[in-house]
Amino acid sequence: DMIVTEEDTGTGASMMAAYMTSANDFWFAGGSPNRDGMFFHSIDGSTVTKETLSGGYTLGLTFRGGEGYAAVMGRSTCGVARYEV
């Protein structure tokens, strides 16, 4: 089954990262250099919420101690985003 589809991400976007923190807690991230980045999160293994990261798309995800980190790249910037899990 597809959890996140092209309808969720938009045409031309790429999914660049996937991370499971438990059997039902999934994170997916990606985006497009020409648009904003996206984080998708599921706590039940099927329902997905989406958050947008303005100005850059995500290349990878990692988690530690209740915080998540993502490498971010955009047309004119790069860096690391930090967020609470």
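Visitor: F63, buried or exposed?
Guide: F63 is buried, at 15% relative accessible area. Buried means under 20%, exposed over 50%, and partly exposed in between, with a 1.4 Å probe and protein chains only. This is a predicted model: local features need pLDDT of at least 70, side-chain atom pairs count only at pLDDT 80 or more, and totals for chains, interfaces and linings use all residues. Residues are numbered from 1 along each chain as its sequence is written, and side-chain values use heavy atoms, with hydrogens and water left out.

Visitor: Why is the pair of W27 and F63 tilted?
Guide: The ring centres of W27 and F63 are 5.3 Å apart and the planes are at 45°, so the pair is tilted. Rings of Phe, Tyr and Trp (its six-membered ring) pair if their centres lie within 6.5 Å; planes under 30 degrees apart are stacked, over 60 edge-to-face, the rest tilted.

Visitor: Where do W27 and F63 lie?
Guide: W27 is in strand β2 (residues 26-31) and F63 in strand β5, so the pair ties together parts 36 residues apart in sequence. Strands (E, at least two residues) are DSSP runs, numbered from the N terminus.

Visitor: And which residues form the aromatic cluster?
Guide: Y19, W27 and F63 form one cluster. Y19 counts as partly exposed, at 29% relative accessibility.

Visitor: How many aromatic pairs by this rule?
Guide: Three. One of them is Y19 with F63, tilted, at 4.7 Å centre to centre and 50° between the planes. Y19 is in strand β1 and F63 in strand β5 (residues 57-64), 44 residues apart.

Visitor: Other topic: where is M16?
Guide: M16 sits in strand β1 (residues 14-20). With 39% relative accessibility, M16 counts as partly exposed.

How values were computed
Helices (H or I, at least four residues) and strands (E, at least two) are DSSP runs, numbered from the N terminus.
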